[in-house]
Amino acid sequence: MKAKIKREIYQKVSAMKKLVAAETNALQDAVTLSAYRHLTRMTAEGTIWTEALQTALYEHETVIIEPSAEVYFIDSTVTVPSNRHIEAVGATVRLTADCELLMLRNEHTKDGTHMPIDRTDGDENISIHGGRWEESRAKRAGYGATGRYVPRMENDKERPFYGVSTCMLFNNMKGLWLSDMTFANTAGFAVQIGDLSDGVFENISFDSCYADGLHINGGSENLFISDIAGEVGDDLVAFNAYDWQDSSVNFGMIKQVICQNLELAQTSRYKAIRIEPGVYRYDDGSTVDCGLSDVIIKNVKGIRTFKMYLQTPPYHLGEEPEWGEVGSVNRVFFEDIAIDLCAPIDHFGPYQAQDPVRGAFGAFELNAKIGYLSFENIDLVLHPEEWRYGYLLTVGPKSSCVKGREVFDPYF
């Protein structure tokens, strides 16, 4: 059974990858960005290329950002239409220091926070190859502070696309290929996706990034993720089918995924990968299972804990927590993973006190409606002399109170 399921996943994802490559290679109409230098302007930081890049993308299928020692500065969001390719090997593209907006997004992005999105007008066939893509940040700024979808408004609590905080956003689309890219100094997520089918992410590195690397939200399927490495402040790759409203605008299943060859830098602050299933409720009361199915996660180094449980926002004791229900996980395979469980991933009181009820922690922490789950060739190092409640697996609810607030959901 296991071999058959895995073979089917590999066959489907491999076929998708070939199709995405063929569609990218079919794009012929190319131009160099320097042809639009007349649309640039000078500032104290450097040359601003926002209007030049936007115009080139509207007028041509392929835009070549030439290798240069000069930084290409962007001071607002650039929109990428369907059937577009950006070639940026040897180029550095950087958001200006005062820009609070995200750098790149596809044209027909949609907010699925309040109701499921209509994908009939989605974009397709967008690719970026090469380049160093930077923000001008030195630390994580918090949700909505950077990587915003729209400029700050007078009533900031009502900002559109509330759950977007990223350098690049791609959703409501089919056919995305990001390859050989480096992200640096991103204060929010480096790349956020959702409601996206047929995505290829390979040879992507992170240099001093402060939140998630690849932040994958619900409604995403047929994904090939390979050779992802570097330093991030949170998850190297996050599979948040369910998520909090301040970090997602897309909810639903994540399925048909190969995620392999991941290596987190030792200097990364949080050595975890979150796989978050749950049930999300829309404004009209309808719900969607934000589960995961047919996923292979293989050859991973530097990660200490895989979190596979629903976690709603923290709440004060005595208050009602945010509504939620446990989601589903089925046919998920973990292979060839090295873990040194040298300490709990979260430095909360019950772990530090080695509480016999709440102090257990694991390389894999589970609390979901699990159908089929496989572990193969897991190289695990435990430290029982120092941490008596460290395990390969912990199963069931978690609880930890920090300053009068419950962090987890002990009632699930």
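1. Let's start at β14: 4 bridges tie it to strand β16 (residues 237-240), and the two run parallel. In that pairing, His 215 sits opposite Ala 238 of β16. For the terms here, strands (E, at least two residues) and helices (H or I, at least four) are DSSP runs numbered from the N terminus, and two strands pair if DSSP finds at least two bridges between them.

2. A word on provenance: this is a predicted model, with local features needing pLDDT of at least 70 and side-chain atom pairs counting only at pLDDT 80 or more, while totals for chains, interfaces and linings use all residues. Residues are numbered from 1 along each chain as its sequence is written, and side-chain values use heavy atoms, leaving out hydrogens and water.

3. Back to β14, which also pairs in the parallel sense with strand β13 (residues 189-207), over 3 bridges. There, Val 191 stands opposite Leu 214 of β14.

4. Which way do the side chains of β14 (residues 214-217) point? Leu 214 and Ile 216 go one way, His 215 and Asn 217 the other, and all are buried. Buried means under 20% relative accessible area, exposed over 50%, and partly exposed in between, with a 1.4 Å probe and protein chains only.

5. Elsewhere, 3 strands make an open antiparallel sheet, ordered β23-β30-β29. Its edges are β23 (315-316) and β29 (401-402), each of which pairs on one side only. β29 joins β30 (residues 405-406) through 2 antiparallel bridges, and Cys 401 stands opposite Glu 406 in β30.

6. Zooming out, the protein chain has 3 helices and 30 strands. Its C-alpha trace spans about 70 × 50 × 45 Å along the principal axes.

7. Buried residues account for 58% of the 412 in the chain. Taking contacts (heavy atoms within 4.5 Å), 73% of those between residues at least 6 apart in sequence join residues at least 24 apart.

8. The accessible surface (Shrake-Rupley, 1.4 Å probe) comes to about 16,600 Å², with 50% belonging to carbon and sulfur atoms.
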